Amino acid sequence: MRISDIQRCEIRPGRLVEWRFSPVTIAAAAALPPDPRPPAYIQESHIRTARSVREDGLFVPTWLGAAFDLPGPADLDALERALRDWTLRHETLRSGFRWAGDDMHRFTLDQADVSLHREVVGDFTDAGALSRYLQDRFDAAADALGWPNLIYTAVVREDSTSVYMAFDHTNVDAYSLHRLPEEIHGLYAAAVTGNPVTGPAVGSYVDFCEQERANADGIDDTHAIVARWREFIARCGGRLPEFPVDLGLRPGGELPTQKLVCEPLVDADAAAAFEAYCRPYGGSLVGILAATSLIVHELGGQPVYRTVVPFHTRLKSAWSDSVGWYVGGAPIEVPAARDLEGALETVRAELRANRSLARIPLARVLRLLGADFRPTSPDMYSIISYVDARLIPGAADWAEQKAYGLIRVSYGDQVCAWVNRLHEGLWFACRHPDTDIAYKNVRHYVERLRDLILSVPAPDRSRATELALS
């Protein structure tokens, strides 16, 4: 899916309909006893960060979402059944958190207690007015500090229906959003035809949270993973890494607004050639990180590029189709290289050595380090993410369905970039501080990244075999 914000996802006018949990469901949730399964560390860190930033006087919406089309004017009753069936399939969507002092406690609704309330908002004739309304509505309805913190909407027209769904990040990650169009299309078709919904049960992210937390709580500050992080953070000057270029920010200044860059990077042929060149070193993820290390050295001059690489934590097949936030991070350090091949070799070695660190949540590591990372920004560090999305079910239909993964661009002092490989090629999206210097440097980064991808020579087959075996 192409990553975008709500303003750039081909919104067209129509009649807006929305679904939220019904008042009966909300009342049932209010009466629930605590669920003993704890939040994941990443969930707790996200919510605590949102609370900390809010206490500093700033509302920073951070929801994620998905947009895609259904054919024709949708059967709203069938779509409602599909949305409810999908909600029941994924337990995290009917689970939330309450504060008890400074502790967070989970509650989880039974399937029988979940119902949706449908409301026709009205007819919109202007796409800009519709996108502004949806952004404001999603800001309020998918708030990290509220519950329920998700909302489903549809814009109905004679020729098509566009579905827009928004969630607080505690419920979803990028892969969850990628799965959405195909899942909802299948459930909607079943609801229209009256066929039963079939398929294997999906693992619960709530169960995963309990297992991951128990595993993370089983280590202490003497663990090798904690020691590796301690050394990495020390070499970063006692903090988590930032994008090592000038962003035009004043030290200690207010959290800046952000700007979004999203555009095609290269076409399918160029993406395939880059993958072939990088495959001996581990593939395009290694290539994107290696290219980034070269570019930021050009821009900022630092002798070592340090970053945290996001990896999924869906390590068991039970979680492969589950909606949730299955993401960890691994630190890497890439000294300035003379050329792309040298950087590729270093990145490959760093990922091999450090990828296992992503299995322990960073929030747990920071707690063990005893460092006072009072969050003042929704992003703890800058990221460069790469995902090959072509094998995700339904990916071949995304262009026709006008499918997008939506991010909310609001405030932040970091650079967060995503490179997705689609059937059409590589798609680039990045949010960055909205300053002239940051925009100039990010634009330079994008152009140099495109140039490096297009510049790779045809791979040396004998060299590829030698590297793959090493």
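Q: Which element supplies the largest share of the lining of the largest cavity?
A: In this predicted model, the largest cavity has a volume of about 50 Å³. Its lining includes Pro244, Ser293, His297 and Tyr305. At least two lining residues come from each of α9 (284-300), β10 and β11 (327-335). The largest share, 3 residues, is supplied by α9.

Q: How many cavities of 30 Å³ or more does a search of the whole structure find?
A: The largest cavity, at about 50 Å³, belongs to this group. Counted over the whole structure, the cavities of 30 Å³ or more number 4.

Q: Which strand gives the largest share of the lining of the second largest pocket?
A: The second largest pocket holds about 820 Å³ of space. Its lining consists of 30 residues, and Arg239, Glu242, Leu249, Arg250 and Asp413 lie nearest its centre. The largest share of this lining, 3 residues, comes from residues 304-312, which form strand β10.

Q: Why is one side of β1 and of β6 left without a neighbour in the sheet?
A: The open sheet has 7 strands in the order β1-β13-β3-β8-β7-β2-β6, and the pairing is mixed. One side of β1 (2-4) and one side of β6 (116-124) lack a neighbour in the sheet because both strands stand at the edges, each with a single partner strand.

Q: What is the bridge partner of alanine 66 in β13?
A: Strands of a sheet pair through backbone hydrogen bonds, either parallel or antiparallel. Strand β3 (residues 64-71) and strand β13 (residues 404-407) run antiparallel and are joined by 4 bridges. In β13, the partner of alanine 66 is glycine 405.

Q: In which helix do tryptophan 229 and phenylalanine 232 both lie?
A: Tryptophan 229 is buried, with a relative accessible area of 0%, and phenylalanine 232 is buried at 2%. The two residues are 3 residues apart, about one turn of the helix. Both lie in residues 224-235, which form helix α7.

Q: Over the ring of which residue does the charged end of arginine 213 sit?
A: The charged end of arginine 51 sits over the ring of tryptophan 99, 3.8 Å from its centre. For arginine 213, the distance from its charged end to the ring centre is 3.8 Å, and the ring belongs to tyrosine 41.

Q: Which residues are linked into a cluster by ring pairs?
A: The whole structure contains 15 aromatic pairs. Ring pairs join two tyrosines, a phenylalanine and a tryptophan into one cluster, namely Tyr205, Phe208, Trp319 and Tyr326.

Q: Is arginine 179 buried or exposed?
A: Arginine 179 is found in helix α5 (residues 174-193). Its C-alpha atom is separated by 8.7 Å from that of alanine 395, 216 residues apart along the chain. The relative accessibility of arginine 179 is 8%, and a value under 20% counts as buried.

Methods:
Residues numbered from 1 in each chain as written. Predicted model: local features only at pLDDT ≥ 70, side-chain atom pairs only at ≥ 80, totals over all residues. Heavy atoms only, no water. Pairing = 2+ DSSP bridges. Phe/Tyr/Trp six-rings, centres within 6.5 Å; stacked < 30°, edge-to-face > 60°. Buried < 20%, exposed > 50% of the residue type's maximum accessible area, 1.4 Å probe, protein only. Lys NZ or Arg CZ within 6 Å of the ring centre and 35° of its normal. 1 Å grid on protein atoms, 1.4 Å probe; cavity = no way out; pocket = protein on both sides within 12 Å on 5 of 7 lines; lining within 4 Å. Points joined across faces, edges and corners; volume = space filled by probe spheres on them.
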